[in-house]
Amino acid sequence: MQHKTQLTLSFLLSQVLLLACAEDLECIPGFQQKVFYIEQPFEFTEDQPVLNLVFDDCKGNNKLNFEVSNPDFKVERDGSLVALKNVSEAGRALFVHARSEHAEDMAEILIVGANEKRGALKEIFKIEGNLGIPRQKRAILATPILIPENQRPPFPRSVGKVIRSEGTEGAKFRLSGKGVDQDPKGIFRINEISGDVSVTRALDREAIANYELEVEVTDLSGKVIDGPVRLDISVIDQNDNKPMFKEGPYVGHVMEGSPTGTTVMRMTAFDADDSSTDNALLRYNIIKQTPIKPSPNMFYIDPEKGDIVTVVSPSMLDRETMETPKYELVIGAKDMGGFDVGLTGTATATILIDDKNDHPPEFTKKEFQATVKEGVTGVIVNLTVGDRDDPATGAWRAVYTIINGNPGQSFEIHTNPETNEGMLSVVKPLDYEISAFHTLLIKVENEDPLVPDIAYGPSSTATVQITVKDVNEGPVFHPNPMTVTKQENIPIGSVVLTVNATDPDTLQHQTIRYSVYKDPAGWLEINPTNGTIGTTAILDRESPYVQDNIYTALFLAIDSGNPPATGTGTLHITLEDVNDNVPSLYPTLAKVCDDAKDLRVVVLGASDKDLHPNTDPFKFELSKQSGPEKMWKITKINNTHAQVVLLQNLKKANYNIPISVTDSGKPPLTNNTELKLQVCSCKKSRMDCSATDALHISMTLILLSLFSLFFVQLNLSD
C-alpha cells in the first residue's frame with residue numbers, strides 16, 4: 001500500500017509536468033523531476049526501492065554519479081533510491097545530487113505525514129484552492145524552479161522553462177523582479193522566444209533563499225498581452241557551511257566530588273545551512289581531553305543537546321589528587337546528523353574543578369615556642385599550618401582563635417594573607433614581675449565551613465609557650481601627668497610640688513634620682529633626691545610659654561640600674577591671674593582736616609593682657625590741657641572704647657593729647673599715654689600733612705622738660 005501510494009503520487013506529478021511541457025519536447029539536462037513527496041513509512045526496508053529518479057544530461061549520461069544527503073540511502077545506476085539498512089527515521093527531506101561529464105543537478109525528496117500529503121501539489125505549484133490538477137487561468141504556465149546552490153560552471157545554464165499555451169506571432173517572454181532587473185541584477189534571464197529560464201552564476205542560499213519573479217508576454221511593440229504570472233525560484237541548500245561556535249570562550253565549573261552525571265555546561269554551535277535539513281542537523285562529540293588523567297574519559301557530551309556532564313565517580317573528581325584542576329576539551333559539532341559526510345566545527349571548552357572544603361587546616365607541630373622582652377609589643381611568633389585545599393579559596397584561608405590563656409587580652413593573632421600563617425602578637429606590654437611565663441591554646445579553622453562529613457581534629461589546635469624576659473624598666477611617675485594650681489608672681493623659691501616615682505623592678509631594689517628634662521621658660525628646679533619642685537624665677541601667666549593658662553614642664557626619674565632606665569613625668573601648672581599688666585591704648589595716631597565739619601577725631605580702644613575681672617570696664621580720662629581754652633574732650637562709648645572729639649577747628653600742626661586709661665583690677669592699674677593728632681590741610685579731597693605751622697605739645701611734656709633742665713642746673717651748682 002505504501003509503495004502504491006508513492007508511485008501513484010509520483011506518476012501524477014510526472015503526468016502534470018509532461019502535460020505542461022507537451023508543446024516543447026526539447027531535452028533539458030538534469031533531473032526530469034526535481035521534487036518528490038513520499039509518505040513517511042513505519043520503516044524504510046533494506047534494499048527495498050523507495051522511488052525512481054530520472055536524470056538525463058542529454059548526452060548519454062557518461063560517468064554519471066549520485067550522492068545522497070543521508071548516508072543510509074543510495075541511488076542505483078538505474079536511478080532507484082534504496083535504503084542500505086532498515087531506517088525508521090530519515091528526517092524531513094533527502095537530497096540527491098547527480099553529476100555527469102556534461103551536467104549536474106539536485107533533486108529533493110520531501111518526507112511528509114499522511115495529513116501533509118494532500119498539500120504536496122499545492123506547495124509545488126504555489127496555488128490556492130482545492131486539491132486537483134492545477135488549471136492556469138492564464139495562458140502562461142510558470143511552474144516553480146528549484147536550483148541547487150554552489151553550482152559549478154559553465155554558466156549560464158538552463159534551470160527551467162516557462163510555457164505559453166496560446167501561440168501569438170511575434171510574442172516575447174519578459175522576466176522581471178529581484179535577481180533580474182532589481183538588485184542583485186542579472187542572476188536570471190529568459191529566452192524571449194523559447195521561454196527557457198537560465199541562471200548566470202552560482203547561487204548562495206544563505207544569502208538569498210527564494211526569488212519571486214514575474215513573467216509576462218509582450219507583442220512586438222512591447223505591449224503586455226499576457227501576465228504577469230509569478231515565477232518562484234527556490235535555492236536548494238547544499239551542505240556548504242560548517243558549524244560554528246560563536247559564544248566563546250566556553251568555561252564551565254564543577255565542584256569536586258560531584259555525583260556522576262552532574263551537568264557542567266552546554267555547548268551550542270550554529271550552522272548557516274537550512275535548519276529544516278540534515279545540512280544543519282548537528283551532533284556533538286568530544287574530540288580530545290587534556291589532561292587524560294585520572295581517566296581519558298572524564299566527561300561526556302550529549303550529542304544532540306551539547307550538555308557536558310561528568311561520567312566518572314565522585315572519588316575521581318578529587319581536586320587535591322588531580323594533576324591539574326583544569327581540563328580542556330576539544331568539542332566537535334558535525335552537521336548531517338554527525339555522519340562522516342558532514343562538516344565539522346570545533347571549539348575548546350575549559351572545565352575547572354572547583355574546590356570544596358574537604359580538608360581541615362592542621363598545625364605543622366603541636367607546640368610552638370616564643371620569647372619576648374617585657375614592655376615590648378609586636379609579632380612574637382608565626383604559627384604554620386598545612387591545608388590541601390585550593391589556596392585561592394576560603395576553603396584554604398585560615399582563621400586563628402586564642403581559646404585559652406589570654407584573660408588580660410594581652411595577645412592577638414591574625415592571619416598572614418600571603419602565607420596563611422598565624423601571626424601571634426603582644427598588644428599589651430607584658431610584665432616580668434607579674435608573670436614570667438604564658439601558655440596559650442590556639443585553634444585554626446577555615447573561612448568556609450567544612451563539608452558535612454569532615455570535622456576539625458586534634459591537629460587543628462596547638463599550644464604556644466611564651467617566656468617573658470626581664471628588662472630594666474624605667475621608673476613610673478604617679479600620677480602622670482601631674483597637675484597643680486599656683487598664682488602667678490609667687491616668690492622665687494616657692495615650692496610647687498613634690499613628685500613621686502616608683503621602680504617597677506621591685507626585685508632589683510634600685511634607687512631613683514630626679515632631674516629637669518624640659519622647662520621652656522627656665523622657671524623651675526627639682527631636688528634630685530626627694531623630687532621637690534621649686535621656682536627659680538617669677539611665674540608669668542602672660543608669658544608666651546603659657547598656653548591656655550597652663551605651663552608644662554617635663555621631669556626625669558632615673559634608676560640606678562646598669563644601664564640606668566629612665567621614666568618621664570609631665571607637670572601641668574595652672575597659673576591664676578593677678579593684676580600685673582596696665583591696659584594699652586590703640587590707635588596712637590589720628591588725622592583730621594583743619595576745616596573739618598565733623599570734629600569726632602577718633603575712636604580709642606583699650607586692651608589688657610590680664611584676665612577678667614582685672615580688665616574692663618576701662619576708665620578713659622584726659623590729662624590737664626594747656627592753654628586758656630580747652631581744645632578737646634573724651635567720651636566713653638562702652639566698657640572698652642571711648643571717642644575723642646575736638647571742641648574747635650585747629651590750625652595745621654601736630655598735637656599730643658595726654659590720655660590715661662585705668663583697668664578694673666584690685667588694685668587698679670593706670671596707663672598714662674598720649675594720642676598723636678595731626679591737623680592737616682585738605683583740598684580737593686586730598687589731605688596734606690607734610691608740614692606744620694607750629695609744634696604743639698602737652699603741658700605734661702613742658703613740665704617734664706623744665707624739671708629736667710632744673711635737675712641739670714642743680715647738678716652743675718653742686
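Q: Cys689 first: how exposed is it?
A: Cys689 is partly exposed, at 23% relative accessible area; partly exposed lies between buried (under 20%) and exposed (over 50%), with a 1.4 Å probe and protein chains only. This is a predicted model, where local features need pLDDT of at least 70, side-chain atom pairs count only at pLDDT 80 or more, and totals for chains, interfaces and linings use all residues. Residues are numbered from 1 along each chain as its sequence is written, and side-chain values use heavy atoms, leaving out hydrogens and water.

Q: Which cysteine does Cys689 pair with?
A: Cys680, in a disulfide with an S to S distance of 1.7 Å; a disulfide here is a pair of cysteine sulfur atoms within 2.5 Å. The link is right-handed, with 105° about the S-S bond.

Q: And Cys680, buried or exposed?
A: Cys680 is buried, at 0% relative accessibility.

Q: How many disulfides in total?
A: The count is two. In the other, the sulfur atoms of Cys593 and Cys682 are 1.9 Å apart. That link is left-handed, at -85° about the S-S bond.

Q: What does the Cys593 and Cys682 pair tie together?
A: Cys593 is in strand S45 (residues 589-593) and Cys682 in strand S51 (residues 670-683), so the pair ties together parts 89 residues apart in sequence. Strands are DSSP runs (E, at least two residues), numbered from the N terminus.

Q: Switching topic: what is the mean pLDDT of the protein chain?
A: The mean is 85, and 88% of the residues reach 70 or more. pLDDT is the predictor's confidence in each residue, from 0 to 100.

Q: Where does pLDDT stay under 50?
A: Over residues 1-25 and over residues 692-718. Where pLDDT is low, the predicted coordinates should not be read in detail.

Definitions and conventions
Contact = heavy atoms within 4.5 Å. Helix = DSSP H or I, 4+ residues; strand = E, 2+ residues; numbered from the N terminus.
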